[in-house]
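Take a look at the chain below. We will walk through its strands, then its turns, then a few single residues.

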Amino acid sequence: MKPADAEGREAHPLLHQLVRDIASRREAILTAVVHEWHNGRLLRIAHLESATGAAWTTSADNIGPALGRDAPDRCRDR
């Protein structure tokens, strides 16, 4: 598990980039990876936001780079 800051946020290498959520087969911008306790287990949760504004979470292990695609213009300056 990668280290997190005092607020539980991880400096993920794909942060603010277009990624693919393997579980849902959707692409979105990775806005955060946080470490959270759930049922006594520490999990890495990825927060994603699509170009349409839809947001969801998934396991950080389910994300990878969206190869061959650029991030939407509105997300490049974050």
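Which residue takes a positive phi in the hairpin of β3 and β4? Glycine G53 does, with a phi near 100°. That hairpin has 5 residues between the strands.

Some ground rules come next. This is a predicted model, where local features need pLDDT of at least 70, side-chain atom pairs count only at pLDDT 80 or more, and totals for chains, interfaces and linings use all residues. Residues are numbered from 1 along each chain as its sequence is written, and side-chain values use heavy atoms, with hydrogens and water left out.

Start with the inventory. The chain has 0 helices and 5 strands. Helices (H or I, at least four residues) and strands (E, at least two) are DSSP runs, numbered from the N terminus. Read from that end, the elements run β-β-β-β-β.

Now the sheet. The 5 strands make an open sheet in the order β4-β3-β2-β1-β5, and the pairing is antiparallel. β4 (55-59) and β5 (63-65) stand at the edges with a single partner strand each, so one side of each has no neighbour in the sheet. On average, neighbouring strands of this sheet are turned by 45° against each other, direction ignored. The axes behind that angle are lines fitted to C-alpha atoms, for helices over the stretch in contact; angles run from 0 to 180 degrees between N-to-C directions. Strands pair if DSSP finds at least two bridges between them.

Go through the pairs. β1 and β2 are antiparallel over 4 bridges. Here V19 has A28 in β2 as its bridge partner. β2 and β3 are also antiparallel, over 9 bridges. In that pair, I29 stands opposite E49 in β3. β3 and β4 pair in the antiparallel sense over 5 bridges. H47 faces T57 in β4, and I45 stands opposite S59 in β4.

The turns deserve a look of their own. Most residues other than glycine have a negative phi, and most peptide bonds are trans. R25 has a positive phi of about 65° although it is not a glycine. R25 lies in the loop between β1 (18-21) and β2 (26-38). β1 and β2 form a hairpin with 4 residues between them, and R25 sits in its turn. R25 is exposed, with a relative accessible area of 67%. On this scale, buried means under 20% relative accessible area, exposed over 50%, and partly exposed in between (1.4 Å probe, protein chains only).

N39 is another non-glycine residue with a positive phi, near 50°. N39 is in the loop between β2 and β3 (41-49). The hairpin of β2 and β3 has 2 residues between the strands, with N39 in the turn. N39 counts as exposed, at 84% relative accessibility.

Which residues does A23 touch, leaving out those up to four places away in sequence? A23 touches T58 and N62, where contact means heavy atoms within 4.5 Å. A23 is found in the loop between β1 and β2. A23 and T58 are 35 residues apart in sequence, and their C-alpha atoms are 7.8 Å apart in space. A23 still counts as exposed, at 57% relative accessibility.

A55 can be read the same way. A55 lies in strand β4 and is exposed, with a relative accessible area of 62%. A55 touches L48 and E49, not counting residues up to four places away in sequence. A55 and A28 are 27 residues apart in sequence and 8.5 Å apart in space, C-alpha to C-alpha.

One side-chain arrangement involves a ring. The charged end of R26 sits over the ring of W56, 3.6 Å from its centre. A charge sits over a ring if NZ of Lys or CZ of Arg is within 6 Å of the ring centre and within 35 degrees of the ring normal.

Finish with the whole chain. Of its 78 residues, 35% count as buried. Among contacts between residues at least 6 apart in sequence, 41% join residues at least 24 apart. The chain exposes about 5,100 Å², and carbon and sulfur atoms supply 48% of it. Accessible areas come from the Shrake-Rupley method with a 1.4 Å probe; for residues, only the protein chains shown count as cover.
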